[in-house]
Amino acid sequence: MDNNVNACNKQNIEQKHDRELFICAVSWLDLLEQGADLYDYFVDHGCKSVAIYGAGDLGKTLLREFRKHEGITVSFFLDLKGKGQAIDGIPVYSSYDYATLPRVDIVVVTAFTYFSEISNYLLKIRPETPVVSLKKIIEVRSDEVWENEYANQQS
Amino acid sequence: MQISNRDDELNMYKAKNSAEEVKKHEDNCKIKSPNFLMERAAGDFEGCFYYMCNDMEICIDRGRYVQFYDFDYIYDPCVKNITPAYDLFLNNGLLDLNYHNDISNDLFCQRYNSVIDSIEILIKRVITELSMSNFEEREKKKRWFSNMLVTSAKSFEEALQRVLFLEQLLWQTGSRLVGLGRMDCYLRPFYYEDIKKGISKTEIYNEIVEFLEEAHNYYWYKSDVLVGDTGQVIILGGIEPGGEYVFDELSELLLEAVKNSKKTDPKVVLRVSHSMPVEVMNKAVGCMLMGNGSPLLSNDDVIIPALQQFGIKDDAYDYTTSACWEPLIGGKSSSMNNQACLSFAKALQNMLFEEQLDKIKDYSTFENKYFKYVKREIIRCKRLISQRRYSRNTLYSIFIKGCYQKKTDIVDGGAEYNNVGFTTVGIGNTVDALLNIKEYVFEKKELALIDVKKVSLYNFVGYESLYDKLKDRGSFFGRDDIEITSLTNRIMRYVTEETKDYSTSAAGKLKFGISSPSYIFESRNCLASFDGRKKGEPFTVHISNEKVDSYTELISFAGMIDYYENRFNGNVLDLIFSPSFLEKNLEKVSLMFLYGIEKGFFQLQTNVISSAVLKAAKDHPEEYGNLIVRVWGFSAYYVQLPEEFKDLLIKRAMENEVVV
């Protein structure tokens, strides 16, 4: 019975993750189609160096966004399983090594279904470094772009 | 269907929302009127309405009035929290409201007339049903319903029947939180006509009492978020354009009837003014002493100028409120006043967790950055509001002034006023947190901003002595201090700055207030805040502070807040009195409220509760089934509330008793 409950919970989490991923991806694409991206968020927050948590597809896509602009460096990736690899020249470290890595201005978490657990872990080690979900950044930028568009329509 | 006790009502409320119950009604409807379901699927309001009027069950009993619902005809929820123009239906026959010209080219007019035709069908069915009954007063009721078609109401009792019938139709067709409006105004001509005819005040009082009982029926069905939150609010009193305060015999009878009803709803909002007689305020406080949460006091001296500054001219004198307290022009407004909720506390939390805090060197920079996060929440609200869409509601369009002339549905901007409101929550906690941050971080330099973040992150673990200090000093919010009121006003004016130029698709403007139903809902996911609030604990309730030494200080504070421009969507001073205190100080409290009107509070509501009784009721609910309390902007049976609402009331009552 416990195994069934666990399996059910796991399935629910996976479904939630898939749903959130889909919504995120659509919102991000929508932003790009309107000629905007996520870069301004980091500029607004005075970020010069960024770490990305999650070396999967979302993390790689985010890296490509940063690469379109100058002024912000992606210092490293963090991943539960990524030790020793590199993505496009950016090293991937295990999240267990976070305490020993150089300080960055912000950590962006792409594995947002588990954001709470990940951010609690990272903030325990370095409470001064903001840890923000990619999902939130997309939402914030999406709202900002909507606001600009709305203001233009009104004028 | 007879509901015999509180448990039945609670069970019916729970059942209303259960998938099983909904399916049961759908299955019944498939048998009774498959066409209704078909039209509902097609989104055709008029088609649905036609089949409902033709097929719904009519149940008439021996009561004074005729009111019935058929829950097998479930509509999708639509417009809510507004008040129809009852006077249109009281002063005209239904058929007078038709378009009488050629409407062959106007779809809205065709829909409009078709809904009136359907109401006519229903009325005739009621008359037939009455004819077949053997009730004593059937001829009188048949006359009432016949009159509904062709002429105005002919008596006070008949007018009340029309109010019930219109209300019933609106509730039946998916509208929620249907207000009862300025009953002492639109019923006034009928009242004085009856008095002239020799009908006694006692008889009229009895008519009102039975009306209130009838309106209270099915309150489990009418309840929105929580049991008791029905929105059936009666507005009494108020100042006229000439400045005269009006509260007459009818107003008195209505207030008296609500006072003696000992039910949670309908409830009363009493419009007050510095020019009101002391005797009227004494009556209001006497009603509060009964503990049923009525009346909420609404200060015309502040609200009317605020509405006029917003652009509502003479109609401002005719204001009513939404389900809780948000002012609108009843009968002319499509203002849905609770379309989003902005959390000031969430904005602060976001800031602490997204900013590089070591780069913020002074409080001024901190506060300016905080406003950036408030702006983010404002944008979120605006976007949410802009995306809201409602299905057309031709029935409401008939009974909201403006739609007929503009030939436009209420959801498309047909009403005379189409402004939209949102609420805000957590301003009290945020003001406290900001002032604490200013003191501890930037003035005394005892802590760094990272400590403020850690307090949130770790829920005060590791900061226990700080927690005790913050709890012991109590809240700033509500204290009569220029720095506190300045900060509060700064935050509110910032929101105005960011919302004043927004225009809805129906050319309506945005308005907001600092009262909200969401002080528990929004707090659940909010981390600990630097005002001594732990993770998940409720936010401050409206404008309140149980640790302030005197009620007059709170009243002064409320009077120093700037409610103008678009900041008038409900700003309630929420006071708690123990029953013994209020009983011993009734006249003094009355004078204090009059003082408060002069000082300029916006609105005021009371909870007259004792922590001992609340605790006993929590432990032995079966003995306290009729105990009524005030919750955000409505009254509820205490034992029917979720536990966190009960606990919050106990906490506030205890804090109040310590100080008093």
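Start at the interface of chain A and chain B, where five salt bridges turn up; keep in mind that this is a predicted model. To see one of them, select R103(A) and D358(B): their closest N and O atoms sit 3.6 Å apart.

Now colour the side of chain A that touches chain B by element. α2 (39–44), α4, β6 and α5 of chain A each put in at least two residues, and α5(A) has the largest share, with nine. Switch to colouring by class and that side of chain A shows ten nonpolar, six polar and nine charged residues.

Next, select everything in the contact: 25 residues from chain A and 24 from chain B. About 2,100 Å² is buried between the two chains, with carbon and sulfur atoms giving 48% of that area. Pick out H45(A), D143(A) and W146(A), which supply 28% of what chain A buries against chain B, more than any other three residues.

Last stop: the largest pocket, at about 1,600 Å³. Centre the view on F115(A), K136(A), Q349(B), N350(B) and N525(B), the ones nearest its centre among 43 lining residues. Highlight α4(A) in particular, as it gives the most, seven residues. Coloured by class, the pocket lining splits into 17 nonpolar, nine polar and 17 charged residues.

Definitions and conventions: Residues are numbered from 1 along each chain as its sequence is written. Chains are lettered from A and ligands numbered from 1 in the order in which they are written. This is a predicted model: local features need pLDDT of at least 70, side-chain atom pairs count only at pLDDT 80 or more; totals for chains, interfaces and linings use all residues. Side-chain values use heavy atoms; hydrogens and water are left out. On a 1 Å grid over the protein atoms alone, a cavity is a set of points where a 1.4 Å probe fits but cannot get out, and a pocket is an open set with protein on both sides within 12 Å along at least five of seven lines; lining residues have an atom within 4 Å of a point. Grid points are joined across faces, edges and corners, and a volume is the space filled by probe spheres set on the points. Helices (H or I, at least four residues) and strands (E, at least two) are DSSP runs, numbered from the N terminus. Ala, Val, Leu, Ile, Met, Phe, Trp, Tyr, Cys and Pro count as nonpolar, Asp, Glu, Lys and Arg as charged, and the others, Gly among them, as polar. Contact means heavy atoms within 4.5 Å. Buried area is the accessible area (1.4 Å probe) that two parts lose on being put together, summed over both. A salt bridge is a side-chain nitrogen of Lys or Arg within 4 Å of a carboxyl oxygen of Asp or Glu.
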